[in-house]
Amino acid sequence: MTTNQRSVNKMAFTLEQQKAIDASGSNILISAGAGSGKTTVLSERVIRILKSGVDVDRLIILTFTNAAALEMKTRIKDKISEIDGLQEQLSKLDNAHISTFDSFCLSLVKQYHYLLNLPENVEIADNILLYSIKQRLLDETMNDFYLIKSDTFIQVIDRYFDKGDQGFRDLILLFDKSLEMIPDPENYLNHLVENNYSEAFIEQSFHEYEELVLDRFKSFKTNYDHLVDEIRDYNNDKVVEFKGKLISTFSDLTEATTLDDIMMNLSVGTLPTLPKASNAIDENTVEWLKYYYNPVKESYLALKKEFDHLFVQSKSDIINALLETKNTIQVLIEVLLVYRSKVRSYQLAHHFFDFIDIMHLAIELLTHHAEVKESLKNHTFEIMVDEYQDTNDLQEYLVSLISNHNVFMVGDAKQSIYGFRNANPQNFIDKYHQYKDLNDGVAIDLTYNFRSRNEVIEGINSMFYPMMDESIGGVNYHDNQALQFGNEIYNIKSHQPILYQSEIMNYSLSKEDSISQAEYEAILIAKKIQLMIDEKTPVMNLKVKGGQYEAARFEHFCILLDRKSDFDVFEKVLTDANIVVDSISDEKVVASTEVLLFNQLLKLMKCFIDEAYFKTYFKHAFYGVARSFIYQIDDNSIIDLFVNYPLNHITDLSIFSTLPTFQQIHDDIAYLSRYITITPIKELIQMIVERLKIYHHIARLENPENVERKLDFLFAKVQSFRLFQFDDLIAYFDDVYSSKELDIEFSRPIDFSKNAVRLMTMHKSKGLEFPFCFYPGLDKTFNMRDINQGTLFDKKYGIIIKTYKEGFIDTIWHKIVRNRKKNEIISEKIRLFYVALTRTKEKMFFLLNQETSQVINVSYDESGYISSKIRSSFRKYHNFFDCFPIVEDSHVPYLEEKTRLVSNPKTPIQPVSEPLKYHEIHIEAKTISQSHYSKTVKTWMDNPTIQAVKQGIKLHKIFETFDFYHPQEALKSMHQEDAFYLKRFLAHKEFSSIDKAIIYQEYPFTLTNEDSTKMGVIDLLLIYPDHVDITDYKLKNIEDEAYIAQLNGYACFIRDLAKKPVKLYLYSILTDVLKQIGD
């Protein structure tokens, strides 16, 4: 064990952790790898500060979720309660800023509401209502421009949006949302054209694009030079002829040094063709030429395609294409500014803000009211930011306004996975480099992982050591970012180390197979989980002092997917295999079946009182309600109703009195509709729930508890809309259905007491941990749709639209931004995979379809990373594994030695050429009979027998969880009756030297031969220097011959494994008899 690792008994923190707790006097950035105890460090730092005499309400602790804030506050409260002299801080804890960024900004705005001309009770608006209002204000804005008949406005609409102005409206909303992360968006917009269309900025853009193209040209030139070198001295006439054509075709292009040179010489005419095999040149030589020529041709055509898409042939063409977009951008900005002004006026007048608006108001408060900012800065002793890698630019700016060289930031850039929420890991990365140079701060690395086994950590390092650098991934993994093993409990209680190596579950499945890939992978996982449960695979319980092995249960397994599109498949397969599964994901409330019904119900009620509404909506609404889980009327009956009866007017509803099937639905809706205009929304909803007995009918649905939670959430939210009328409620739902983006967010809490396999997305797993993790769905392609849009937004380049040249074409701004965003997407996918893998405590399982594997000619740069060109071409997680040749039955991660060099940045790193080594299995269809060494009993149990079994289970549990390493401490903490049995057991002379033994409790094993598998669990296994003791606990009877056979089976296995003599014992817990079996 190194001096930096925590000793299990002697040391509370590593040296790095202690340094992070104690550091002071400047900004401090803690780069905390996965499982390194960052939350503990942060809470201990708070206690250290409080002990120094600083009050807790002088700290600002910012998190990203309410759950994290509550956990932090609870930790601090518990620690304060335990420390003499700090109890007075409890009364100040409620006033301390331990909250999310959103809550902190809201509290600032409420505290100084009078400076912002706002009421004290500012509330957060519902996002769907806000969307509706913004749509109405955009309509007003567009009408204003149509009324003034602005020539430039009309020209832009006519030119770009000849099928109507919806595309223009979408652009306004898109760019408005893109401005959320800019502290002063109006100022930004007012100077955008001036800045981005200046000669200097366009020249800078040209040079950035030139670097991008020259990098691609370098690839072509390298391929060309390789080919020429290979054929230079080859004397075959056909090869010489081909070489002459090749040089003649590309000679001018290969001499290019600038972007203008490349464009000028890119048109080379017809490419030379390879000679065909003949008497003059054999087939092997042709194939050899093809091997080297194809990369030349492909890289040339890719380069040519770049400019064909731009329709440019010179620098002036490129610049003119950019300038052509200027007038359109000016119109967009003009409309956008008017629209934003309308929104702002409405929000201030009606106090209608979302959390982003509130953060902008907080920034406005601090920017325009220096006395507030200075008061806050002077009062605050330290600002602490948890998960700092997830901050966005607006949050970063907010912290900069209130800081005074007193910011303590904890996070891990390798775990920044929320780009879709505007998280910007570059904030973290820039500070890390700055503080490492001791410039304005201190950077401390926490690299010891206390969550996972060494085998897991080695597997993770093997994957990311050649994969993650700053260009692709955002973090230089070689720069002290590799994880180091820190939890010695795993070593102290080692257990079949080969079992825990990462496992590749290879299979072959083609598109022609009748079963889907998701279903096949789910079946493989279900079989593996069931096998591990049956074998009682050992799991380390770190919650027990000193660690304790226990048999695997469902709750020890997690299946992590990149997205939730296949959740239904996995749920069905696992459930069919009698495996309890708990799907964890955020759900869309409004789009769910039961809430869609509620919307149809409201519309049907209105149909009963509004003739015009009846004609438009009745049949659709009636059909939805009638066939719902409330009325359960079959489809044929509903169709017969519409076919046989005229239902064109409200008066036609009288026909229902003669139709028993529909009598109840008619009476219910007729009754409820009478109250639409006279009853407040809150009371009307309650009437609907009671009249239709909604909660009673929910029991008919799958997962009724979840449905009930969603409806409770929805009803509570809707009832909070105090000024809503009935029509507003219908419009509210319609707005959701008209937008693909909007819905009410609903997150079901995870019930960790439930013994179930967890099924979740990689994103959802952040912050969690599981002994065994499966990784299926690795062939799902990454989503690149957003970057291929014709309109883009970039903070540097602003609003990017296509230029017009006999049609709409991209500009170099599209090319630059797409290239960067593509790398950002791939970088985040790499980080997301890192997050997913670091959830594992004991073993990782990867499912790979060999039919979809690709052959990648892997090359490495001078630092040992896979070339950025290869990594930037990744489009699915399977590509990661395509870069590593898998060596079957190998158990040592291929960078085992190199990862030890990471702490020394001066050590030269050689390019990696060794294969990635995992324990690999191939799935075969083979039936193996299974048996157990334990005695099997098949009998009906009467009540006395059941009670005896229950007592036996209880006593057995006491023995299997007892801490034999620290018996005296364990006995003191036990119930007196339970301790009685353990004291008697330990009093036997056979256990007088137990402190000299390596102890295994509930030791599971599997013995497999050609056609059978035998499994067993040894209650107590004591390994001494010269022999091994095996003890099996029984409640009372130890005379059964089956028990002796059971122990002899155990002995055969252990004797072969330990190469030592084995002694066998049966112990009767109730009679305190210890019987040795055999000699």
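## Helix packing in a predicted protein model

Helix H10 (residues 199–231) packs with helix H11 (residues 237–254) at an angle of about 150°, their axes being 11 Å apart. Because angles over 145 degrees count as roughly antiparallel, under 35 as roughly parallel, 65 to 115 as roughly perpendicular and the rest as oblique, H10 is roughly antiparallel to H11. Axes here are lines fitted to C-alpha atoms, for helices over the stretch in contact, and angles run from 0 to 180 degrees between N-to-C directions. The crossing of H10 and H11 is left-handed, a term for a near helix turned anticlockwise from the far one by less than a right angle, with right-handed used if the turn is clockwise.

The structure is a predicted model, in which local features need pLDDT of at least 70 and side-chain atom pairs count only at pLDDT 80 or more, while totals for chains, interfaces and linings use all residues. Residues are numbered from 1 along each chain as its sequence is written, and side-chain values use heavy atoms, with hydrogens and water left out.

The protein has 38 helices and 29 strands; helices (H or I, at least four residues) and strands (E, at least two) are DSSP runs numbered from the N terminus. The average pLDDT, the predictor's confidence in each residue from 0 to 100, is 85, and 89% of the residues score at least 70. Over residues 7–11 the pLDDT is below 50, and this stretch has six contacts beyond near neighbours in sequence, a contact meaning heavy atoms within 4.5 Å. Residues 886–946 also stay under 50 in pLDDT, with 121 contacts beyond four places in sequence.

| Helix pair | Angle between axes | Axis separation | Handedness |
|---|---|---|---|
| H10 and H11 | about 150° | 11 Å | left-handed |
| H6 and H8 | roughly 125° | within 11 Å | right-handed |

Ala, Val, Leu, Ile, Met, Phe, Trp, Tyr, Cys and Pro count as nonpolar, Asp, Glu, Lys and Arg as charged, and the others, Gly among them, as polar. Apart from neighbours within four places in sequence, Thr 254 is in contact with Phe 217, Phe 220, Lys 221 and Tyr 224.

Helix H6 (residues 127–148) and helix H8 (residues 166–178) form the second pair, and H6 is oblique to H8. On H6 the contact involves Lys 134, Gln 135, Leu 138, Asp 139 and Met 142; on H8, Phe 168, Arg 169, Ile 172, Leu 173 and Asp 176. By class, five of these residues are nonpolar, one is polar and four are charged.

In helix H19 (residues 426–436), the residues Asn 427, Phe 428, Ile 429, Lys 431, Tyr 432 and Tyr 435 are buried. These buried residues pack against helix H18 (393–402) and strands S1 (27–32), S5 (407–411) and S6 (441–446).

A loop residue, Ala 577, lies between helix H23 (567–576) and strand S13 (581–584). Ala 577 counts as partly exposed, at 30% relative accessibility.

Definitions and conventions:
Buried < 20%, exposed > 50% of the residue type's maximum accessible area, 1.4 Å probe, protein only.
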